[in-house]
Amino acid sequence: MASSVLSVATQCVSPNASSVSINETHKGKAKLGGSTLRFSKSSGRISMTVAVNVSRFEGIPMAPPDPILGVSEAFRADTNDVKLNLGVGAYRTEELQPYVLNVVKKAENLMLERGDNKEYLPIEGLAAFNKATAELLLGADNPAIKEQRVATVQGLSGTGSLRLGAALIERYFPGSKVLISAPTWGNHKNIFNDARVPWAEYRYYDPRTVGLDFEGMIEDIKAAPEGTFVLLHGCAHNPTGIDPTPEQWEKIADVIQQKNHIPFFDVAYQGFASGSLDEDATSVRLFVARGMEVLVAQSYSKNLGLYAERIGAMNVISSSSESATRVKSQLKRLARPMYSNPPVHGARIVANVVGTPILFDEWKAEMEMMAGRIKNVRQKLYDSISSKDKSGKDWSFILKQIGMFSYTGLNKNQSDNMTNKWHVYMTKDGRISLAGLSLAKCEYLADAIIDSYHNVS
Amino acid sequence: MIMVVMWRYFNGRTARRFVSTCSGHGWWDKVRVAPKNPIVTVNESFLADPFPHKINLVTGTYRDDDGKPFTPQCFSDAEAKIYRYTLEETNSSEVSSKFVMESVKLAYGNDSFVVREGLYAGVPALSGTGACRLFAEFQRNFYPDSLIHLPDPTWPNHHNIWRQAQIPVKTFHYYDPDTKGLDFDALINDIKNAPDSSFFLLHPCAHNPTGVDPTEEQWREISYQFKVKNHFPFFDMAYQGISSGDIDKDAAALRIFVEDGHLVGCAQSFAKNMGLFGHKVGCLSVLTRDIKQAAAVKSQLQHIAHSMYSSPPIHGILLVTMILSDPNMKEQWKKDMKIMANRIRAMRTTLRRNLEDLDSSFNWEHITNQVGMFCFSGLAPDQVRHLEKLFHIYMSPDGRISMGGVTPSNVNYLANAIHQVTRISEAASVCMCNMH
């Protein structure tokens, strides 16, 4: 056996072998003893292959499916005509089609004509984009920008920007916790877990009122050890759609200052909540105006429809320009071993849209249109439910909530009923994405919600 | 104090509001300036240099004979096609799957059994860096006590990537500065001496920064030794197609290992070979024993990506998929790669010949022996400095020259400059000898 193996092996060795003699090459192979020898055909010649090793990754289990994306998959598999996808927070038109903004098409056209090169961006990203995004967030004449106290680094949409922030916390504030709202976007926990940053929750959603548990929120923020990072949704809270009022924001800022905490904003819906870019940035600007040092992650997935291009930014507003410079250098240092430098395409689109006055105006109009459609749908849904439901239940929270999502208050069983009986796809926490709802389907949805709420426990 | 009071007054706020900057304590006081990346620093010096004939040999980006970035026609065509393409988010995952399939075919071969049988877990990644980082995190999740063995030298960011993933790094012998070639015996020794089942990173072609690649026979021996020790081979393939000009030849090392039964991991980058630097297109694949395991590993990789950036940008993925699945575009691309590889080889030949014609007393064979984008010149740090200060020629501090930046119009100047700085050093050392 051994000799026949060796003779087969000999035929495979290329005639140019010089540095290693044939005998030396193969004399060790006999030692492998226990492994079975396998012959496989590859590249048109027989080569002796030693048995495939047991995979290093033999014991690796399937990762849990992402609950939100799983909803879309189930929806796609459903063959029923009346099905409705209220799972993913991606904007749809009244005809329930994805929407590529006109300004995006125009910007891409400009870019195509110019034939922009594909060279690497610097680690911090496209300068024109970074400037535009900070100004959009804070206002172009914000003192923090004028005083160069804002460190901005382009990131991979909201997720990537949050991850950069998390990595910064892990490196420079080891042991510090992040306080996140209960509930919050599911991926927040994953991001901080993988970045090895411990987190805890603050009360946020009150199921009794289907509104904000403000006292609970303030208490929990107060109770956290000094120097905790507090994750806040700048506007259009995901998943509840429940935002603090302006007065409540002031009080939240008070307690954060008193406890010497650091606010960390996740701004994924600027412009999408109210329809106004400036109005939706009020909470962030309030904190910055007080002279607080703030982290802000931004995303252009929703408001420019650039989901797939992964464009966002991590901003750190600090107390001096000198410290902003240092922080920026460290953010870059964290980005380098993640992806070296960020992708160029989405950044160019944003820079073109924001930097070209005609396109910027057009964008504002399109955003008002998108936010307007959602507000109309909320109204219609509320009207439909109120007129059909005679139980006297107060459904006005639908109107009070803001943004793409609504926490219906339905529990898991009721949500399952929505899917199983009514073919309405949503997440198990009772969240519906109004972006996936058309005026035409409001009546149907109203029926489904009423049935699930009253007849299922 | 008075200023503060006035500030408060003019802001119309009630007196109890405090301005945190008053306390003098900033959150970021303890944050130091990050050390500057040497390549970035040199690049910045180059950009700031007003000398009209300056040469940039620092960054590994390909330039044509006129020193311009090279954008092959097929990309402009692909861009135009994509512009008219209405993308739905639901299609993103279909496009990604197609992209992975095409990438894996490219790496392992169209007819490779791993591709045919689906014995791989593949995910799109943020170019080469992203693919390496995904793997490093994956390695950490499932082998938290493992190390990574990196060649000495290697692309510096490899060290950062695994360190950031909290995996300790060990280096293995690779480059022999005396021969300016491969230190094969020491390499094999290090493989043998490493603990069984160690993780190793290998460059399958056009080693960065040295340009020194093992021969086919050497690769077979390395693969065999890996088998004996049950090591895990992870390939970082950033130059497939532009090293030799032939896609299959450049992937030979990878395919040798696969033939030998190794279940490899591979990071692919489309930055250089498709010129898509800024679009961050890459792929990570890990070979598995069966489809079930492939699905499990893939799900874990997606999970890691999900908390880092969710999904990679679609634009570059669309471009690559379009080009690889269109036979005409793919042919055109292969031709373009041959052009790039041939140009670089021609420049290597010219540079070496020029130096020899100048009667340089040094051995410049390594310029043509080494392959790929980079030439490890063997120049010492002070010689590199002289090149910058006296001749406005910029390269990495370790003497690595990016051949992509050498053109017919600057190669004479470059040869002359190298000759001058090496003569200066030689003369200086002769002087020193004579003094004793």
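How many bridges join strand S3 of chain B to S4(B), and do these strands run parallel or antiparallel? Good morning, everyone; let's start there. There are 5 bridges between S3(B), residues 148-152, and S4(B), and the two strands run parallel. Within that pairing, His149(B) sits opposite Lys170(B) of S4(B). Please keep in mind that this is a predicted model.

Now let's step back to the whole sheet. It is an open sheet of 7 strands in chain B, ordered S2-S10-S9-S8-S7-S3-S4, with mixed pairing. At the edges stand S2(B), residues 120-126, and S4(B), residues 169-173; each has a single partner strand, so one side of each is left without a neighbour in the sheet. On average, neighbouring strands are turned by 25° against each other, ignoring direction.

What about the helices around it? Helix H6 of chain B, residues 127-142, packs on the sheet and touches S2, S3, S7, S8, S9 and S10 of chain B. The direction of H6(B) makes about 130° with that of S2(B). Helix H11 of chain B, residues 252-259, lies across S7, S8, S9 and S10 of chain B and runs at about 155° to S8(B).

A few totals for chain B, while we are here. It has 17 helices and 13 strands, and 58% of its 436 residues are buried. Of the contacts in chain B between residues at least 6 apart in sequence, 74% join residues at least 24 apart.

Over to chain A, and helix H10. This helix covers residues 246-258, and its 13 residues reach 19 Å from first C-alpha to last, close to the 18 Å expected. Among its buried residues are Trp249(A), Ile252(A) and Ile256(A). The cover over the buried residues of H10(A) includes strands S8, S9 and S10 and helices H9 and H12 of chain A. Just after H10(A), Asn260(A) takes a positive phi of about 55°.

Leaving out residues up to four places away in sequence, Trp363(A) touches Leu101(A), Leu136(A), Tyr300(A) and Leu304(A), among others.

Notes. Residues are numbered from 1 along each chain as its sequence is written. Chains are lettered from A and ligands numbered from 1 in the order in which they are written. This is a predicted model: local features need pLDDT of at least 70, side-chain atom pairs count only at pLDDT 80 or more; totals for chains, interfaces and linings use all residues. Side-chain values use heavy atoms; hydrogens and water are left out. Helices (H or I, at least four residues) and strands (E, at least two) are DSSP runs, numbered from the N terminus. The expected span of a helix is 1.5 Å times one less than its number of residues. Buried means under 20% relative accessible area, exposed over 50%, partly exposed in between (1.4 Å probe, protein chains only). Contact means heavy atoms within 4.5 Å. Two strands pair if DSSP finds at least two bridges between them. Axes are lines fitted to C-alpha atoms, for helices over the stretch in contact, and angles run from 0 to 180 degrees between N-to-C directions.
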